[in-house]
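Please take a moment with the sequence and the model below before reading on.

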Amino acid sequence: MPRHYLSIDIGGTNIKFALIDHSGNIIERDKVATPRNREEFLSALQQVVSRFLEIAAVCVSVPGIVHTGHGRVKFTGALGFMGQFELADYMKEISGKSVFVGNDGNCAALAEMWLGRLSGIDNGATITLGTSVGGGLVINGNLIEGTHFRAGELSAIVNNYNDAKATTGSNTSAVKMIEAVATRCQLPDLKDGRRAFGEINAGNPDALEIFQPFCRRVAILISNIQAVVDLERVLIGGGISVQPIVVEEVRRQFKALQESDRRIRDDIEMPEIMAAQFGNDANILGALYGYLLQTEYK
């Protein structure tokens, strides 16, 4: 009987989950809205797990600081209400299976290292644009977790020296950008990304006035990362990465940034900026690969 795995991607907006085989093929998938309190959140996870009985393991991608050896999570951002929680222990209790828990940004990088556009890349990164900003860094062919398991926490980078609360996570949210475009363009559904990008792709000045500065902030983020680790390739992930205009505009903004300052132009090499291969599937695939690395690919 083929081995199947339940992989869960916990996000600030939705909990996405899929049944995946050993080669990374997604057999079925679904999602539920992410609850906003502890009791309902844990109940939602239990309901998801109860739907899948014949599985080899449970693999979880989660926003927060993850001690991968223990599966202990310090939840951050929209899930900060969970505080510090022994998530792996809880998932083992409700599933009776082996469990892997990984940081969402790291899981996105793992997916691309396994089957995607970081395969064979010694120095690269993924930047996931969603409710907040996730990141995963690959240096010398290895995923970097850091001394305190906090490497790649790009959302915590301050990008305004006059305001310590102006972080990448607070002002470079793709979800908020879409809502702002929808509001400015008077769209009926503020969460309708397709309609919002319809306005952006059509060149609506009101939409571009919001979209272009958003992409400039992503370009500044890449420039700051590049100044430290000098990467070969940076992948843009998240749901909006399926829109070609996102990568195109980030590249344009990066070049404009270089042209605006001699030090940036002379000292920082623009990496290859591409869309991530797996988009919204990156975290669920990467969580599975994290499990396989710990158990089978040692």
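Contact here means that heavy atoms lie within 4.5 Å. The model is a predicted one, and a careful way into it is through Thr172, which lies in the loop between helix H4 (168-171) and helix H5 (174-184). Leaving aside residues up to four places away in sequence, Thr172 touches Leu129, Val133, Asn159, Phe214, Arg217 and Val218. Thr172 has a relative accessible area of 1% and is therefore buried, since buried means under 20%. The side chain of Thr172 is also joined to the side chain of Asn171 by a polar contact of 2.9 Å.

From this residue we can turn to the aromatic rings. A pair of aromatic rings is described by the distance of the centres and the angle of the planes. The structure holds 7 aromatic pairs, and one of them is formed by Trp114 and Tyr289, which are stacked at 5.0 Å centre to centre with 5 degrees between the planes. This pair links distant parts of the chain, for Trp114 belongs to helix H3 (residues 104-115) and Tyr289 to helix H10 (residues 282-295), 175 residues apart. Trp114 counts as buried at 16% relative accessibility, and Tyr289 is buried with a relative accessible area of 14%.

Phe197 and Phe211 form an aromatic pair that is edge-to-face, with 5.8 Å centre to centre and 80 degrees between the planes. This pair, too, links distant parts of the chain, with Phe197 in helix H6 (residues 193-201) and Phe211 in helix H7 (residues 205-229), 14 residues apart. Both Phe197 and Phe211 are buried. Elsewhere, Phe41, Phe75 and Phe81 form one aromatic cluster.

Key: Residues numbered from 1 in each chain as written. Predicted model: local features only at pLDDT ≥ 70, side-chain atom pairs only at ≥ 80, totals over all residues. Heavy atoms only, no water. Helix = DSSP H or I, 4+ residues; strand = E, 2+ residues; numbered from the N terminus. Buried < 20%, exposed > 50% of the residue type's maximum accessible area, 1.4 Å probe, protein only. Polar contact = N/O pair within 3.5 Å; in protein donor to acceptor, adjacent residues only side chain to side chain. Phe/Tyr/Trp six-rings, centres within 6.5 Å; stacked < 30°, edge-to-face > 60°.
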